Amino acid sequence: MWATQRRPRQYMRLSFSKPGYHFYCPAIVKTYKEQIIEKPSLHTLINGCIKDDPFMQKLFYYEYYPVLMRICIRYAPTREDAEQWVHDGFLKIFAHLNTYQYLGSFEGWIRKIMVRLCIDQLRKHLSHQSGIAPVIIPNDPDWEQNHYVDNDFIYRTSADELIRMIARLPDRHKLIFNLLVFEEYSHKEMAGLLNITENHTYLLLHQARKQLKNMIQKQTEQKKAYERR
């Protein structure tokens, strides 16, 4: 099975920016257009992967690699980790394709699998860290409201810049911020998923927003200083 083999580095660094799905690897050297075939339907693609059809698995991989990589790059500590997580995500998705019931968005279905895998990987990463300062959680239920940091700074920042800044957040803060802002989890859902209290999620989110806002303000000041030269 093509998907069970660890893919070499060249399979993980590809360009998807141009239409036509150009495949820059030895195994697939033609585009859909050059092969004079139509893009298969989702049902055909999934059935082909379930039957271990190598060509369908490759089409599936190149179709959904950008989706999964965008998720992993937000959670993973390094680019190399993100690439490995994407690989692991595809293995898990291929293993569970026969359970997909064609209800709701398929992309949403694979996103959930990928996010869960990222969370599991981060848990392992955090469990091996040492010397982490304990978190002091306020007992005041109105603490988040009284220490509110608005989200306007997020919308004034380009997506690429924001993703680079999120990558610099501590792992716990990065996880909470991603789950709430990008995956739209509630604080209750995050608390249950991560086995922490809701107050803890509010605190980590507040700290993440504050750190991001400080990064953006610092970057803005540096740009203004450069322009005044």
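Guide: Asn195 is found in the loop between H10 and H11; helices (H or I, at least four residues) are DSSP runs, as are strands (E, at least two), and are numbered from the N terminus. The model is a predicted one, in which local features need pLDDT of at least 70 and side-chain atom pairs count only at pLDDT 80 or more, while totals for chains, interfaces and linings use all residues. Residues are numbered from 1 along each chain as its sequence is written, and side-chain values use heavy atoms, with hydrogens and water left out.

The backbone of Asn195 has a phi near 60°, a positive value in a residue other than glycine. In general, most residues other than glycine have a negative phi. Asn195 counts as exposed because its relative accessible area is 72% (buried is under 20%, exposed over 50% and partly exposed in between, with a 1.4 Å probe and protein chains only). A counterpart is found in the loop between H9 and H10, where Glu184 lies. The phi of Glu184 is likewise positive and near 60°, and Glu184 is exposed, with a relative accessible area of 68%.

Helix H10 itself covers residues 187-194 and includes His187. His187 has a relative accessibility of 12% and therefore counts as buried. Setting aside neighbours within four places in sequence, His187 is in contact with Leu180, Glu198, Thr201, Tyr202 and Leu205 (a contact being heavy atoms within 4.5 Å). From Leu194, the C-alpha to C-alpha distance to Asp120 is 9.6 Å, although 74 residues separate the two in sequence. Asp120 belongs to helix H5 and is partly exposed, at a relative accessible area of 32%.

In soluble globular proteins, nonpolar side chains tend to be buried together.

With neighbours within four places in sequence left aside, Phe60 is in contact with Leu45, Cys49, Phe90, Ile93, Phe94, Leu97 and Phe106. One of these, Cys49, counts as buried because its relative accessibility is 2%.

(Rings of Phe, Tyr and Trp, the last through its six-membered ring, pair if their centres lie within 6.5 Å; planes under 30 degrees apart count as stacked, over 60 as edge-to-face and the rest as tilted.) The rings of Phe60 and Phe94 form a tilted pair, because their planes stand at 45°, with centres 5.3 Å apart. Phe60 lies in helix H3 (residues 54-75) and Phe94 in helix H4, so this pair ties together parts 34 residues apart in sequence. Phe60 is buried at a relative accessible area of 0%, and Phe94 is buried at 8%. Phe60 and Phe106 also pair, with ring centres 5.9 Å apart and planes at 75°, so their arrangement is edge-to-face. Because Phe106 lies in helix H5 (residues 106-127) and Phe60 in helix H3, this second pair joins parts that are 46 residues apart in sequence. One aromatic cluster is formed by Phe60, Tyr61, Tyr62, Tyr64, Tyr65, Phe90, Phe94, Tyr100, Tyr102, Phe106 and Trp109.

Helix H4 (residues 79-96) has 18 residues, which at 1.5 Å a residue should span 26 Å; its end C-alpha atoms are 26 Å apart, which agrees (the expected span is 1.5 Å times one less than the number of residues). The buried residues of H4 are Ala82, Glu83, Trp85, Val86, His87, Gly89, Phe90, Ile93 and Phe94.
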